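Biologist: Can you walk me through this model? I'd like to start with the terms.

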Amino acid sequence: PLLASAHESSCIRLWSIQGNLMKELLPFAGHPSGPLTALCTDIFTKILLTGSKEGYIFRWNMASFLEDSRNIKNAIKEELCWRAHAAEVVDLFIEEEKNVVVTASIDGSVRLWHARTGYYFGFFGQARKFDLTDTSRLILPSDVSDFSAIIKEESKRTEKKKIVYPLILDRDK
């Protein structure tokens, strides 16, 4: 068993049932995250989804970490990030049988997305039926202009480094 908490600082904390902090996660620095407002996992807790105040959804793969959380090489990997809403995400869940993510926002919209790619299927209340098989047409909601971003495994969270800039002219450099 594992507990997850999402925080205003964009941090996700994973806890053991005994209350011990196991891991802290921060979304990749290249994508705006803002305060996290919703989170959910799949039924086997291998995928973690978080929603943010800015309308972004982040997908994390926790499978290798859960196999052996003490092994440093078994990291939790951020796999995908996409803008789902122009406003705050208030709830989300993953429907594994159909491989879709359902998101809800304070703007009153409920939208359907492909769970692995972040592909937009549509919104609840639309005139046309959902076509969950066709992911060839790249469409977006009318209020979102960002396509999903796949996070490469070699991408690392950027850390601030202290750089000294001396105010001396060095002609050799």
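Modeller: First, pairing: two strands pair if DSSP finds at least two bridges between them. Strands are DSSP runs of E, at least two residues, and helices are runs of H or I, at least four residues, numbered from the N terminus. In E3, the bridge partner of Trp 15 is Leu 21.

Biologist: What ground rules apply here?

Modeller: This is a predicted model, where local features need pLDDT of at least 70, side-chain atom pairs count only at pLDDT 80 or more, and totals for chains, interfaces and linings use all residues. Residues are numbered from 1 along each chain as its sequence is written, and side-chain values use heavy atoms, with hydrogens and water left out.

Biologist: Back to E3. How many bridges join E2 to E3?

Modeller: 4 bridges join strand E2 (residues 12-15) to E3, and the two run antiparallel.

Biologist: What is the strand order in that open sheet?

Modeller: The order is E1-E2-E3, with antiparallel pairing. Strand E1 (3-6) and strand E3 (21-25) stand at the edges with a single partner strand each, so one side of each has no neighbour in the sheet. The twist averages 20° from one strand to the next. That angle is between axes, lines fitted to C-alpha atoms, and runs from 0 to 180 degrees between N-to-C directions.

Biologist: How many helices and strands are in the protein?

Modeller: There are 1 helix and 12 strands. The pattern along the sequence is β-β-β-β-β-β-α-β-β-β-β-β-β.

Biologist: New topic. Which residues have the most contacts inside the largest nonpolar core?

Modeller: Leu 49, Ile 57, Trp 82, Leu 92, Val 101 and Trp 113, in a core of 15 residues. Such a core is a set of buried Ala, Val, Leu, Ile, Met, Phe, Trp, Tyr and Cys residues joined through side-chain atoms within 4.5 Å. Buried means under 20% relative accessible area, with a 1.4 Å probe and protein chains only.

Biologist: Where does the largest share come from?

Modeller: From E8, with 3 residues.

Biologist: And what does Val 101 touch?

Modeller: Among its partners are Leu 49, Leu 92, Phe 93 and Trp 113, leaving out residues up to four places away in sequence. A contact means heavy atoms within 4.5 Å. Apart from that core lies another, of 12 residues, including Leu 48 and Cys 81.

Biologist: Is Cys 81 buried or exposed?

Modeller: Buried, at 2% relative accessibility. Cys 11 is buried too, at 5%.

Biologist: How many disulfides turn up?

Modeller: A search of the whole structure finds 0. A disulfide would be a pair of cysteine sulfur atoms within 2.5 Å.

Terms used. Buried means under 20% relative accessible area, exposed over 50%, partly exposed in between (1.4 Å probe, protein chains only).
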